[in-house]
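Student: I would like to learn how to read the features of a model like this one, step by step. Could we take them one at a time, with the general idea before the particular case?

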Amino acid sequence: MKSGKQRKAEIKAARLKRSAGLQGVPERLAAYLSANVVACNPAQLAPSNSYGAPDFVHRGYYVDTAFRCKECGAEGIWTAARQKWWYEVAKGNVETRAVRCKACRAHERARKEIARQIHQAGLLAKRARAQQ
Ligand SMILES: [Zn+2]
């Protein structure tokens with residue numbers, strides 16, 4: 001498996017390669033064309049009661065975002081395609097961002113599942129005591 005640093009370097013290299021053919025193109029347009037972006041469809045977003053719209057709605061597209069895992073501190077890339085999936089398919093809250101790397105996400109999911117099982121077992125035991 002590649003580290004976050006390696007993936008970041010790969011993305012940067014690919015971006016440089018794409019931007020090489022954009023000499024003379026206005027800076028903002030060149031940034032858009034050279035970045036890894038995916039169009040945003042605001043109609044597919046989960047309803048939100050927040051004031052204003054998130055950056056990607058104003059911009060009109062998702063862009064690869066670097067983040068640091070809050071568990072292990074590894075650097076990772078939240079890709080534009082994964083962002084589109086999170087917000088538009090999984091209907092994730094538009095104010096949420098990636099905070100954990102893949103390994104730590106799996107670990108957290110397993111921890112929550114075990115905690116849920118313990119909680120359910122506790123409820124069953126409590127009900128059984130109440131019926132005696
Ligand atoms: Zn992590």
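**Reading the metal site and its surroundings**

Tutor: The zinc ion is coordinated by the SG atoms of Cys 69, Cys 72, Cys 101 and Cys 104, at 2.3 Å. Please keep in mind throughout that this is a predicted model.

Student: What is the geometry of the site of the zinc ion, given its 4 donor atoms?

Tutor: In general, the ideal angle at a metal with four tetrahedral donors is 109.5 degrees. Here the angles among the 4 donor atoms of the zinc ion run from 99 to 117 degrees, and the site is tetrahedral.

Student: Which spacing do the donors of the zinc ion follow along the chain?

Tutor: The spacing of the donors is C-x2-C-x28-C-x2-C. Of these cysteines, Cys 101 and Cys 104 are both buried.

Student: Let us turn to a helix. Which residues of helix H4 are buried?

Tutor: The general idea is that an α-helix has 3.6 residues a turn, so residues three or four places apart point the same way. In helix H4, which spans residues 80-89, the buried residues are Ala 80, Gln 83, Tyr 87 and Glu 88. Because they cover an arc of only 100 degrees around the axis, they lie on the same side of H4.

Student: What covers the buried residues of H4?

Tutor: The covering elements include strand E1 (37-39), helix H3 (55-59), strand E2 (61-63), strand E3 (65-68) and strand E4 (75-78).

Student: How should I read the backbone after H4, and what is phi of Lys 91?

Tutor: As background, most residues other than glycine have a negative phi. Lys 91, which follows H4, has a positive phi, near 55 degrees, and it is a residue other than glycine. Lys 91 lies in the loop between H4 and helix H5 (102-131), where it is partly exposed, with a relative accessible area of 39%.

Student: Which residues make up the largest nonpolar core?

Tutor: That core has 9 residues, namely Cys 40, Leu 45, Phe 56, Tyr 62, Phe 67, Trp 78, Ala 80, Tyr 87 and Val 94. Leaving aside neighbours within four places in sequence, Phe 56 is in contact with Cys 40, Leu 45, Tyr 61, Tyr 62, Tyr 87 and Val 94. Phe 56 and Val 94 are 38 residues apart along the chain, while their C-alpha atoms are separated by 9.4 Å. Cys 40, with residues up to four places away again not counted, touches Phe 56, Val 57, Gly 60, Tyr 61, Tyr 62 and Glu 88.

Student: Glu 88 is a charged residue, and I would like to know which side chain it meets in a salt bridge.

Tutor: The side chain of Glu 88 meets that of Lys 84, at 2.9 Å from N to O. Because they are 4 residues apart in helix H4, Glu 88 and Lys 84 are separated by about one helical turn. Glu 88 is buried, with a relative accessible area of 7%, whereas Lys 84 is partly exposed at 26%.

Student: How many salt bridges does the structure hold, and which residues are linked in a network of them?

Tutor: The structure holds 7 salt bridges, and the network links Glu 71, Arg 100, Glu 108 and Arg 111. One of the bridges joins the side chains of Glu 71 and Arg 100, at 3.0 Å from N to O. This pair links distant parts of the chain, since Glu 71 is in the loop between E3 and E4 and Arg 100 in the loop between H4 and H5, 29 residues apart. Glu 71 is partly exposed, with a relative accessible area of 47%, whereas Arg 100 is buried at 17%.

Student: Where in the chain are Glu 108 and Arg 111, and how far apart in residues?

Tutor: Both are in helix H5, and because they are 3 residues apart, about one helical turn separates them. Glu 108 counts as buried at 14% relative accessibility, whereas Arg 111 counts as partly exposed at 45%.

Definitions and conventions
Residues are numbered from 1 along each chain as its sequence is written. This is a predicted model: local features need pLDDT of at least 70, side-chain atom pairs count only at pLDDT 80 or more; totals for chains, interfaces and linings use all residues. Side-chain values use heavy atoms; hydrogens and water are left out. Donors are N, O and S atoms within 2.8 Å of the metal (3.2 Å for Na, K and Ca); water is not among the atoms, so sites may look incomplete. Four donors count as tetrahedral if all angles lie between 85 and 135 degrees; four count as square planar and six as octahedral if opposite donors are over 155 degrees apart and all others between 65 and 115; anything else is irregular. Buried means under 20% relative accessible area, exposed over 50%, partly exposed in between (1.4 Å probe, protein chains only). Helices (H or I, at least four residues) and strands (E, at least two) are DSSP runs, numbered from the N terminus. The arc is that of the directions from the helix axis to the C-beta atoms. Contact means heavy atoms within 4.5 Å. A nonpolar core is a set of buried Ala, Val, Leu, Ile, Met, Phe, Trp, Tyr and Cys residues joined through side-chain atoms within 4.5 Å. A salt bridge is a side-chain nitrogen of Lys or Arg within 4 Å of a carboxyl oxygen of Asp or Glu.
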